[in-house]
Amino acid sequence: MTRLLGALALLLALLASAALADPGDVDAAARGVVRVVIIGTENGQPEPISHGTGFAVSPTRIVTNAHVVSEASQDDTLRIGIVPAEGEGGAFARVVAVSPRNDLALLEIAKGSLRLPPLALAGGSVANLGEVAAVGYPMNVDLAQGLGMEDIFRAQPPVKSRGFLSGVRPSRQFDTILHTAPIARGNSGGPLLDPCGRVIGVNSFSTDSTSGDAEFYFAVSLRELLPFLASNGVEPVVNTLPCRSIDELNAEERQRLEAEQSAARARLAERAEALREVREKARLSAQMEVLEARENRMALALIALIAAIGAGYAALVWRGDESRRTHWRVAAGVAGTALVAAVLLWVTRPGLAEIEDRVAAAIAKAEGREPPAAPGAAPSAEGALICTLVPERSRVTSARTDDVAFEWSADGCVNRRTQYGLGQGGEWQRVFAAEDDAAVAVNTYDPETRTLRTDRYLLGQEALAAARAARASYTPPACGVTDAARTLGEQQSALISALPDRPNERLVYSCTAKGAK
C-alpha cells in the first residue's frame, strides 16, 4: 500500500509538472527581459517614439523583433534605449544585425552601462510542453495603468501571460510557434517560455480577432533564432534536459530513498541469516577443535607428569648408590625435563575463549572484510574526486553542467582551501553569492554517498542584493582552524533560512575517485 501511494504521488507530480509553468522560473527569466524603446527628440528633449520587448542572450546582447527596431536602423536621428525590469537606470544599444525575413534583430548594450542575466534557450522538443508563458511590455497595460511616456524610461517588471502551445508550423517566410498566451503591441520581441522558464520562441504577431474568431499568437521558433545567433557570433545558453519541477524531483527522490532503504533492509536480513549460519557452524567446529586440542594437551601433560614422577622416584632410589650415580643423574634430568614439559603443556592448552576468537575470525572471513581500521584512518570518501551531473536527479534551467573537480577532506575542507560548514541536520554545506553570478548557490555534500548537490536560487535584484549583503557580513573560517565546520554552519544558517523554500535549479552530481574508471 505504501509503494502504491508513493507511485500515485509521483504520477500526480509528473502530471502537474508537465501541465503548469513554475511561477518562480518565469520570474527568474523575467529578470533578463527588457523594454526596447525607440527614442527621438522634440524641442531638444528625448521623446519615446515606440517600444517593444527584448531579452538577453548574453550579459550585453539582446534579441528582439526586426520590426521593433526597423525605424531606428534606418534613421540616425533615433536611438535605441534599453530599460531593465528592475534596478536603476537603463542603457543605449546599437543594432548588431537585423533579419527582416524572420523578424529577428540583435542589439548590443553600450559597454560598461548595464549587464543582464541571460535567458536559457530550450534545446529539446516543444511538442508536449503544455502551458507556456509570454513575457513583455504590452502597451494596453501601460495605458490601462495611466502610465505616461515618461514612465516608459523607468524600470518596471514585465507582464506575464499564460496559455498553451497550439502547434508548430511555418508561416509564409519562416518557422513559427502557435500559442494562446496573450500578447499585444509592445510584447513584440519578448520571449515565449516553457514551464521551466526557458525560451522556446520570440513573440512576433497575432491573428486578427476583429471578426470574433478565437485569437492565436505567433512566436519565431528556435529553428530560426539559433542559426541567426550563430551567424552573429553569439553562443547562448542552450538547455536540452527535460523540463521537470522540484516537486517531481522530490517525489522521485523519496521513491529512490524508499527503494534503496527497502533493498538495504533485504540485504541486511539476508546477510544476517547467512552470518547466523556461519556463526553456528563456526561455533560447533571451534568447540570440537578447541576441546579436542585442549584434551590432547591435558593428556600429554598428564603423561609428562607421570613420567616426571617415575623418573624422580628412580633418581631418589639411586641417589645413595655409588654404582648407579650415572643412572641417578639421567633419571633426575628426565624427571626435570618431563616436569617442565608437563607444566608447558598445561599452561599452553587452548582456553575456552579461543572458541569465540575462532567464531569471530570465521565471520570476518565470510564477510570478506579486514579487521576494523585503526582510529584516525582516512575514510574512503576522502581525496581527489570528479563529480559528474546526474541528469535524472537534476533540474537545470540555465546553469552550466560541466564536471566538477572536488577534493574532499574529513574536516570539511574542499580543494584544500574552501571550508564547508556543518548544518543543523548534519549536512556539509557552503553558500556562494558571487558578484558575477545572478544567483545564490548552496552546495551540499554527502561523504557517505559521494553526492554533491547544488541548489541555485535565481533571485530578483533586491533579494539578491540582500543575500549578498548577508554573505558579506561574515568571513568563513579557513581550512584547519579549530571548530571551523561548526562556526561556518552557524554563520551561514541565517542566510540559508532566508532563501525561498524551493530552489529554481538543482544540480545533483555523483562523485568518483579521480582517475577511477
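Which strands does helix α5 (residues 222–231) lie across, and at about what angle does the helix run to β6? In this predicted model, local features require pLDDT of at least 70 and side-chain atom pairs count only at pLDDT 80 or more, whereas totals for chains, interfaces and linings use all residues. Residues are numbered from 1 along each chain as its sequence is written, and side-chain values use heavy atoms, with hydrogens and water left out.

Helix α5 lies across β2 (45–58), β3 (61–64), β5 and β6, and runs at about 45° to β6. Helices (H or I, at least four residues) and strands (E, at least two) are DSSP runs numbered from the N terminus; axes are lines fitted to C-alpha atoms, for helices over the stretch in contact, and angles run from 0 to 180 degrees between N-to-C directions. The protein comprises ten helices and 23 strands. Six of the strands form a closed barrel in the order β1-β2-β3-β6-β5-β4, with antiparallel pairing. From one strand to the next, the twist averages 45°. Two strands are taken to pair if DSSP finds at least two bridges between them. Strands β5 (residues 91–99) and β6 (residues 104–109) run antiparallel and are joined by six bridges; serine 99 has leucine 104 in β6 as its bridge partner.

A helix–helix packing involves α6 (residues 246–318) and α8 (residues 353–367), whose axes come within 8 Å and cross at roughly 140°. The contact (heavy atoms within 4.5 Å) includes Leu275, Val278 and Ala282 of α6 and Ile355, Val359 and Ala362 of α8. By class, ten nonpolar, one polar and eight charged residues make up the contact of α6 with α8. Here Ala, Val, Leu, Ile, Met, Phe, Trp, Tyr, Cys and Pro count as nonpolar, Asp, Glu, Lys and Arg as charged, and the others, Gly among them, as polar.

Arginine 468 is located in helix α9 (residues 461–472). With a relative accessible area of 18%, arginine 468 is buried, because buried means under 20% relative accessible area, exposed over 50% and partly exposed in between (1.4 Å probe, protein chains only). Beyond its neighbours within four places in sequence, arginine 468 is in contact with Ala433, Ala434, Glu435, Asp437 and Ala438. A polar atom of the arginine 468 side chain lies 3.0 Å from the backbone oxygen of alanine 434.

Across the 517 residues of the protein, 41% count as buried. Of the contacts with a separation of 6 or more, 67% are accounted for by residues 24 or more positions apart.

Key: A polar contact is a pair of N or O atoms within 3.5 Å; within protein, one must be able to donate a hydrogen and the other to accept it, and residues adjacent in sequence count only if both atoms are side-chain atoms.
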